[in-house]
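Subject: Model handover and findings

Hello,

My notes follow below it.

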Amino acid sequence: MPPVLKQPEFGRLVKELRCRTGLSQEAFALKVGVSYASINRWENCRTMPVQLVVRRVEEVVKDMGDRGQDLLEQFFPEDRGN
């Protein structure tokens, strides 16, 4: 089952994730395969991405290992242990 994130929590997740990885909006956009404008709209709580992109963001969090564990628990609790 896909995560049930809503705005503004998805915007907070993206911003926190970018801060932890040291990526600009432009660099993060390249990493997840979207435009800079999409990242900006998410962080400013104007839009939500499609579920495929939410899963890509989740994979970025998982790739962080221990540094992203608290984000997984907070934003993707149903996926813990997978």
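Start with helix 3. What covers its buried residues includes helix 1, helix 2 and helix 4. Helices here are DSSP runs of H or I with at least four residues, numbered from the N terminus. Buried means under 20% relative accessible area, exposed means over 50%, and partly exposed is in between, with a 1.4 Å probe and protein chains only. Contact means heavy atoms within 4.5 Å.

Two notes on provenance. This is a predicted model, so local features need pLDDT of at least 70 and side-chain atom pairs count only at pLDDT 80 or more, while totals for chains, interfaces and linings use all residues. Residues are numbered from 1 along each chain as its sequence is written, and side-chain values use heavy atoms, with hydrogens and water left out.

**Helix 3**

The buried residues in helix 3 are Ser 38, Ile 39, Asn 40, Trp 42 and Glu 43. Asn 40 counts as buried at 18% relative accessibility. Not counting residues up to four places away in sequence, Asn 40 touches Gln 25 and Arg 46. Leaving aside neighbours within four places in sequence, Ile 39 is in contact with Val 14, Arg 18, Gln 25, Phe 28, Ala 29, Val 32 and Val 34.

**Helix 1 against helix 3**

Helix 1 covers residues 9-21 and helix 3 covers residues 36-43. Their axes come within 7 Å and cross at roughly 120°. Axes are lines fitted to C-alpha atoms, for helices over the stretch in contact, and angles run from 0 to 180 degrees between N-to-C directions. The two helices are therefore oblique to each other. For the labels, under 35 degrees is roughly parallel, over 145 roughly antiparallel, 65 to 115 roughly perpendicular, and the rest oblique.

From helix 1, Phe 10, Gly 11, Val 14, Lys 15 and Arg 18 take part. They meet Ile 39, Trp 42 and Glu 43 in helix 3. By class, this contact has four nonpolar, one polar and three charged residues. Ala, Val, Leu, Ile, Met, Phe, Trp, Tyr, Cys and Pro count as nonpolar; Asp, Glu, Lys and Arg count as charged; the others, Gly among them, count as polar.

**Helix 2**

Helix 2 spans residues 25-32, and its buried residues are Gln 25, Phe 28, Ala 29 and Val 32. They cover an arc of only 105° around the axis, so they sit on the same side of helix 2. The arc is that of the directions from the helix axis to the C-beta atoms. An α-helix has 3.6 residues a turn, so residues three or four places apart point the same way. On the other side of helix 2, Leu 30 and Lys 31 are exposed.

What do the buried residues of helix 2 pack against? They pack against helix 1, helix 3 and helix 4 (51-63). Helix 2 and helix 4 pack at about 105°, with axes 10 Å apart. They are therefore roughly perpendicular to each other. Phe 28, Lys 31 and Val 32 in helix 2 meet Arg 56, Val 57 and Val 60 in helix 4. That contact divides into four nonpolar, no polar and two charged residues.

**Core**

The largest nonpolar core has 21 residues. Such a core is a set of buried Ala, Val, Leu, Ile, Met, Phe, Trp, Tyr and Cys residues joined through side-chain atoms within 4.5 Å. Phe 10, Leu 13, Leu 17, Phe 28 and Ile 39 have the most contacts inside this core. Helix 1, helix 2, helix 3, helix 4 and helix 5 (69-75) each give two or more residues to the core. Helix 4 gives the most, with five residues.

**Loops and backbone**

Most residues other than glycine have a negative phi, and most peptide bonds are trans. Please check these spots.

- Gln 7 to Pro 8: the peptide bond is cis, with omega near 10°. Pro 8 is in the segment before helix 1.
- Gly 33: just after helix 2, with a positive phi of about 80°.
- Cys 45: a positive phi of about 60°, although not a glycine. Cys 45 is in the loop between helix 3 and helix 4, and is partly exposed, with a relative accessible area of 40%. Arg 12 and Cys 45 are 33 residues apart in sequence and 8.7 Å apart in space, C-alpha to C-alpha.
- Val 34: in the loop between helix 2 and helix 3. Leaving aside neighbours within four places in sequence, Val 34 is in contact with Ala 29, Ile 39, Trp 42 and Val 53.

Best wishes
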